[in-house]
Amino acid sequence: MADKVRRQRPRRRVCWALVAVLLADLLALSDTLAVMSVDLGSESMKVAIVKPGVPMEIVLNKESRRKTPVIVTLKENERFFGDSAASMAIKNPKATLRYFQHLLGKQADNPHVALYQARFPEHELTFDPQRQTVHFQISSQLQFSPEEVLGMVLNYSRSLAEDFAEQPIKDAVITVPVFFNQAERRAVLQAARMAGLKVLQLINDNTATALSYGVFRRKDINTTAQNIMFYDMGSGSTVCTIVTYQMVKTKEAGMQPQLQIRGVGFDRTLGGLEMELRLRERLAGLFNEQRKGQRAKDVRENPRAMAKLLREANRLKTVLSANADHMAQIEGLMDDVDFKAKVTRVEFEELCADLFERVPGPVQQALQSAEMSLDEIEQVILVGGATRVPRVQEVLLKAVGKEELGKNINADEAAAMGAVYQAAALSKAFKVKPFVVRDAVVYPILVEFTREVEEEPGIHSLKHNKRVLFSRMGPYPQRKVITFNRYSHDFNFHINYGDLGFLGPEDLRVFGSQNLTTVKLKGVGDSFKKYPDYESKGIKAHFNLDESGVLSLDRVESVFETLVEDSAEEESTLTKLGNTISSLFGGGTTPDAKENGTDTVQEEEESPAEGSKDEPGEQVELKEEAEAPVEDGSQPPPPEPKGDATPEGEKATEKE
């Protein structure tokens, strides 16, 4: 018996060793469960995390502050971020980069590039001939693109989140302005890839704010629709959003709260930065007047002095929001000369009078896009730091005709909290209460193609056709299929933006090219030659507008059908084979596509082709695809476009 016991002891030790290994694996798994969100503003960013035991917490930076300036100082062997970089802006303004998000996805001839150069003349912008964009030229051997600088900031935000969470983090949801187009969104995704982040979703900052508002007021949402207007004036831009909250019935979880984006209006350049720049110009003029007659240089020619003035203008704008006047003072502004001047709120409002006149513009745009009136809006809620300026509130209150403006939301952190809630919902590691989010397409997207038609016997002509894929204010994410029934040879089609008439002339110039890409299909004729006895069901192009608002062409395929006889034991004698015979543009079987669920979709009823004015015989079909269940909520970042074109056109010319 003793021998038997001794033989069992090693087995027990082996069992305990296996248990220890399993526990170690579980602990290692728990160390990678955290997810983060980055609310990327023009002036500052807020980072939030969710990890086991820490639900939705704002990350404190190294200075124990809840928001971090989006500033980078680049030297030959050093990089500074946040508050450290802000302090370096005075010593080395040329190497200190800020507000560089305004250059993302912009070509060199874009008006915003010229505007940036005028606002910050200390920065040297050089032309990149390969991408048709600009670089920051820090020194003769040091240059960075705006995407690379943003990648550094995102990497820094991840380090802050990891230090706060005490574990590694890779999954993130990043906020972007709702008016970002395809090129700008892809630029953010490229920056995130450089930072090593796995982007679960690019969420519009207005949608993240609306989600945060709804999550914390879930009990107030019922089957009666509530229309809320969010007015967000930040540092760089202003966005007005109309959101409808309502309880809806879902297939998976029964009755759940839903937010739907109904209307959007925006002004790309209306914000706190423009107010600060005007104050800076005023202070520079006062300083020059004080030194008049001393043959002194213009303070505007001194980058360090202008950096000091911009910092003082920022402080002055904040103080004047609560006081009727304030004394601006800078020690040793230039040539060891101190500056001191009194500025009143009345002077400030006169400087920005034309800016305040633009405050109601986004409200009217949002109402028009939502096809609603102000009477249907229950409440107007303020978001963003610049809404604290009293004059902005006065003009807005008069424009909306309400008794008061809602201030019952954290104007600085709402978007970060909404984004991190979405990150937890998309992550496999957490289970959150469902909240249905229906975002809206701001810029419509259509397909254009030309085909040959025979008007009379022997007389052929070319006919230009347009089909709207994703209409303005239509919901996304969404998949669509367009079927070309009259092609039996190789052909091209163009993917463009649709009607942008709601944008003003200046906004159209800033928007850039309206062509997304040109798709060149090869192998169409070969597929018809290969299967001459089969009936063609058309050339099907599968489009996907994902959760990040990024368009991709998943695949294009030529579909053939034939009738075959079944075996005797089966009831029917004929059956259809609707399998894909020839794939012309194969992205559907890649791992990324499988992760998105694009290869398991089902077609729904045919939707009418919007904007079609063709004759009844025209047979181009436009179909929607049912959303397939996504096993992984993450969205793999698409390849970077060259210029304004998405890469699908390039792939189409290479793959047959």
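Q: Which residues touch the most other members of the largest nonpolar core?
A: This is a predicted model. Its largest nonpolar core holds 109 residues, and Phe 230, Tyr 245, Phe 484, Phe 493 and Phe 543 touch the most other members. Helix 4 (residues 146-165) gives the most to this core, with 9 residues. A second, separate core has 46 residues, including Leu 270 and Val 343.

Q: Why are the rings of Tyr 487 and Phe 491 called stacked?
A: Pairing needs centres within 6.5 Å, and stacking needs planes under 30 degrees apart. The centres of Tyr 487 and Phe 491 are 3.9 Å apart and the planes are at 15°, so the pair is stacked.

Q: How do you know whether Tyr 487 is buried or exposed?
A: Buried means under 20% relative accessible area. Tyr 487 has 6%, so Tyr 487 is buried. Phe 491 has 5%, so Phe 491 is buried.

Q: What makes the pair of Phe 528 and Phe 560 edge-to-face?
A: The angle does. Edge-to-face needs planes over 60 degrees apart. Here the planes are at 70° and the centres 5.2 Å apart, so the pair is edge-to-face. Phe 528 lies in helix 15 and Phe 560 in strand 27, so the pair ties together parts that are 32 residues apart in sequence.

Technical notes:
Residues are numbered from 1 along each chain as its sequence is written. This is a predicted model: local features need pLDDT of at least 70, side-chain atom pairs count only at pLDDT 80 or more; totals for chains, interfaces and linings use all residues. Side-chain values use heavy atoms; hydrogens and water are left out. A nonpolar core is a set of buried Ala, Val, Leu, Ile, Met, Phe, Trp, Tyr and Cys residues joined through side-chain atoms within 4.5 Å. Buried means under 20% relative accessible area, exposed over 50%, partly exposed in between (1.4 Å probe, protein chains only). Helices (H or I, at least four residues) and strands (E, at least two) are DSSP runs, numbered from the N terminus. Rings of Phe, Tyr and Trp (its six-membered ring) pair if their centres lie within 6.5 Å; planes under 30 degrees apart count as stacked, over 60 as edge-to-face and the rest as tilted.
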